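Reader: I would like to learn how to read metal sites and charge pairs in a model. Please take me through one.

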Amino acid sequence: MNITLSTEPIKAINADITLVIVIDKDFKHPFVKPYAKLLKKAGFSGNQDEVCHLPEAGILVAGAESLGHAHIRPAVASAMRALRGKPYKQAAIATYMSHPKCTATLRGLVEGAVLGHYAFDRYKSTKTKGIKRLTISTEEYRGHPIDVESAKRTIAKGIAAAEATNYTRDIVNTAPDDFYPDVMANTAKKLAKTNNLSLTILTPKAMKKEKMGALLAVARASRHAPRLIHIAHTPKNPVATISLVGKGLTYDSGGLSLKPADFMVTMKSDKSGGAAVLGILKAVSDLNLPVEVHGFIGAVENMIGGDAYKPDDILRAKNGKTIEVRNTDAEGRLVLADVLAYAQQEVQADYLYDLATLTGACVVGVGQYTSGVMGFHADPVQKVLYAGETLSGEMATQLKFNRHLRKTIDSTIADVCNIASTRYGGAITAGLFLGEFIDAHHRDRWAHIDIAGPAFVEAAWGENPHGASGAGVRMVTRLIEKISRGEGH
Ligand code: BES
Ligand code: ZN
Ligand code: ZN
């Protein structure tokens, strides 16, 4: 979909359909008033994300609670989703701003359009048709004057962030037999080529040399060998260096601690952290941000077989720590232990973030739509929370570490155990396990983001479709954008 800005008033734009947003149920606004009666007749009340198609009038209406970006983004996405499969090719929309100088709402509008336009039809024999061109008129809802150059920059940023999110969604939605570790490595290769990124791929031989005993154990029973991907955006004179580590479990069957049938479906989504890292690298390089960003992905398949690692095994991780395995389904933390150690060995970063669909406990604790953020120090954690809710519209909340929970991952025969001795606080005990593999330099610069809930939801919500959402991509991209402006670093 092509998005262009036009200085023509909304009525003068040549389009098959015009999108109208009803803000705070204001049916008297000049954009809405001519259709108010029809909308009432159709039963449209203007609730957030509610949509109403009036084909005779050539409009599609969506409700938004306010002009805030967190309301406009999902409203526009809902409107775009409603247009999927309809015969329209060209759409038009006015500009919406909450304040004359603030482009946040415009960015939300653009992101909503690109995110709502997304459809995953790789496996469908008939592909759904979608809008080819969206024209944004500079006519503004409140009559605010538009600085065309600044609006164009905002639109370009919104497109980059949302397209990177859609790129991640495609990876996560792809079936596990079509997306195994080597495919992830080849996907990174393609991205590195198009976006001029540096790339190193580690195969099992190199991993053995690096003493990655935890990752290699998880990978052992799969016919697909693991890959460790290091992909980096290295601009000249960067203002900061950030490392991102992603859990790339291309399938998580649970291993010998096999998942029950109902819990195994959707586990193709266990590569969401790694897929998000690729999406973020795409966004920061498309935006050419002056920050050095390193992505490290552990691409592994957790399977069963005669060669599988077992509960009772003792593994030695790259940093020398020994791990007692009591459950092979707590495999993400084992893979991350080695990838985190490798990332810290390769790069001394100003910030270190990991993204992982790590625990069902996080989903139980905070719900499907929110990420859990953990760390030893407030600074890296707060940066994620701010970039989440204030900037990107992604929901994230802190889960606090404490020393009592730390004791529950002690092992009687090894340095640490891969599951806790308590059945409570599972998201935090998993985070504390990762903390065992963070070195002194990175201790106060690290945060762990558990995206197990929002990464994959089997029903559309807000700006997200059924299936993969691309959780973490916009949030972490906004965090890096903020650091690139020299703010908060
Ligand atoms: N990949 C899962 C976590 C998960 C669950 C992600 C649901 C998305 C939705 C992870 O590897 C796992 O299985 N974790 C176990 C840990 C337990 C054995 C301590 C879990 O959460 O049950
Ligand atoms: Zn698991
Ligand atoms: Zn997993």
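Author: Start with the bridge: Asp 252 joins the zinc ion (ligand 2) and the zinc ion (ligand 3), which lie 3.2 Å apart. Asp 252 sits in strand E9 and Glu 331 in the loop between strand E12 (322–324) and helix H10 (332–346), so this pair ties together parts 79 residues apart in sequence. Helices (H or I, at least four residues) and strands (E, at least two) are DSSP runs, numbered from the N terminus. This is a predicted model: local features need pLDDT of at least 70, side-chain atom pairs count only at pLDDT 80 or more, and totals for chains, interfaces and linings use all residues. Residues are numbered from 1 along each chain as its sequence is written, chains are lettered from A and ligands numbered from 1 in the order in which they are written, and side-chain values use heavy atoms, with hydrogens and water left out.

Reader: Which residues coordinate the zinc ion (ligand 3)?

Author: Donors are N, O and S atoms within 2.8 Å of the metal (3.2 Å for Na, K and Ca); water is not among the atoms, so sites may look incomplete. Here Lys 247 (NZ), Asp 252 (OD), Asp 270 (OD) and Glu 331 (OE) coordinate the zinc ion (ligand 3), at 2.0 to 2.5 Å. Their spacing along the chain is K-x4-D-x17-D-x60-E.

Reader: Why is the arrangement around the zinc ion (ligand 3) octahedral?

Author: Ideal angles are 90 or 180 degrees for six octahedral donors. Four donors count as tetrahedral if all angles lie between 85 and 135 degrees; four count as square planar and six as octahedral if opposite donors are over 155 degrees apart and all others between 65 and 115; anything else is irregular. The 6 donor atoms around the zinc ion (ligand 3) subtend angles of 77 to 172 degrees, which makes the arrangement octahedral. The site of the zinc ion (ligand 2) is irregular, with angles of 72 to 167 degrees among its 6 donor atoms.

Reader: Is Glu 331 buried or exposed?

Author: Buried means under 20% relative accessible area, exposed over 50%, partly exposed in between (1.4 Å probe, protein chains only). Glu 331 is buried, at 1%. Asp 252 is buried at 3%, and Asp 270 at 2%.

Reader: How many salt bridges are there in the whole structure?

Author: Side chains of opposite charge can pair when their charged atoms come close. A salt bridge is a side-chain nitrogen of Lys or Arg within 4 Å of a carboxyl oxygen of Asp or Glu. The whole structure has 23. One of them joins Arg 227 and Asp 182 (3.1 Å, N to O). Arg 227 is in strand E8 (residues 227–233) and Asp 182 in helix H5, 45 residues apart.
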